[in-house]
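Subject: Structure for your review

Dear colleague,

Please find the structure below, handed over for your own work.

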Amino acid sequence: MYKATLPDGTSLAIKRLQDSQQSENQFVSEMATLGNVRHQNLVSLLGYCVAKKERLLVYKYMPKGTLYDQLHGSGAQGKSMEWPIRLKISIGAAKGLAWLHHSCNPRILHRNISSKCILLDEDYEPKISDFGLARLMNPIDTHLSTFVNGEFGDLGYVAPEYARTLVATPKGDVYSFGVVLLELITGEKPTQVSRASENFRGSLVDWITFLSNNSLLQDAIDKSVIGKDYDSELLQFMKVACACAISGPKERPTMFEVYQLLRAIGEKYHFTADDDIFLPPLSIDADNLDELIVAK
């Protein structure tokens, strides 16, 4: 990624693709499709450049950088993010991903969701990036899309079923998003848990599973957000995150359900305006979420 500054002072983000296997015609066709994908919680593709083997994508620059940097040090400059900001980010990101899964035409799988591809504008409004680098879901068979070139995504975010199926599904995106939610509420990295015991050698999801099995799940919550009248919200949020990160894909909620659950938790903050995701009524809510949380 590069930051470009135009003569008038406007900043842009330029993504340079490495070793693109697509022909120029394929690339141009895909860019034409992605150029029409517009949502308030997605990073808009403003343009692209094809020159011999070079493939450059042009996006709006996001001044707050990535969620990963904000959570884990470099963006936050040592200051922890307040809980309402974390909740706002989770709701907006869930809305963008739910729109890709359920309302976009053709529907799109991200396949590489992580806190590094959730960018933040000056108001901490989240924008999902890199969704256009996954292949579009087959409009005829929209419930799954096979992996191409063995790209599994970042360590710590990959759903466990991928190792045996090599197939990307919407529920795989839900698992990855669940890891992001766990990052938001614990403040921990997906593969390096600083608060785990010295002999612990697992991922963030493994740590959460261990604590849950020993009735210590409350110990996972970031200490900087505890004791500030958010306890009820934190508990409900943790339940949603755990439901997303369940090992069995059939047990996970859909992204639309995740968005609606998070939106209900943050209702008093009025983070969201009118909805642009039109689907049947939600089949679960925050009160019966316990039914979703099963042993891993």
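Two strands are taken as paired if DSSP finds at least two bridges between them. Please note that the model is a predicted one.

**The sheet**

β1 and β2 belong to an open sheet of four strands, in the order β1-β2-β4-β3 and with antiparallel pairing. Because β1 (2-5) and β3 (45-51) stand at the edges, each has a single partner strand, and one side of each is left without a neighbour in the sheet. From one strand to the next, the twist averages 30 degrees.

At the other end of the order, β3 pairs with strand β4 (residues 54-60) in the antiparallel sense, over six bridges. A51 has E54, in β4, as its bridge partner. Helix α1 (residues 24-34) packs on the sheet and touches β3 and β4; the direction of α1 makes about 170 degrees with that of β3.

D173 is buried, yet has no salt bridge. Why is there no salt bridge? The criterion requires a side-chain nitrogen of Lys or Arg within 4 Å of a carboxyl oxygen of Asp or Glu, whereas the nearest side chain of opposite charge, R111, is 7.2 Å away from D173.

The backbone of R111 is placed otherwise: its nitrogen lies 2.9 Å from a polar atom of the D173 side chain. Not counting residues up to four places away in sequence, D173 touches L97, H101, L109, H110, R111, N112 and Y162.

**The chain as a whole**

The chain has eight helices and eight strands. Of its 296 residues, 47% count as buried. Among the contacts in the chain with a separation of 6 or more, residues 24 or more positions apart account for 67%.

Yours sincerely

Notes
Residues numbered from 1 in each chain as written. Predicted model: local features only at pLDDT ≥ 70, side-chain atom pairs only at ≥ 80, totals over all residues. Heavy atoms only, no water. Buried < 20%, exposed > 50% of the residue type's maximum accessible area, 1.4 Å probe, protein only. Lys, Arg positive; Asp, Glu negative; His and termini not counted. Polar contact = N/O pair within 3.5 Å; in protein donor to acceptor, adjacent residues only side chain to side chain. Contact = heavy atoms within 4.5 Å. Helix = DSSP H or I, 4+ residues; strand = E, 2+ residues; numbered from the N terminus. Axes fitted to C-alpha atoms, helices over the stretch in contact; angles between N-to-C directions.
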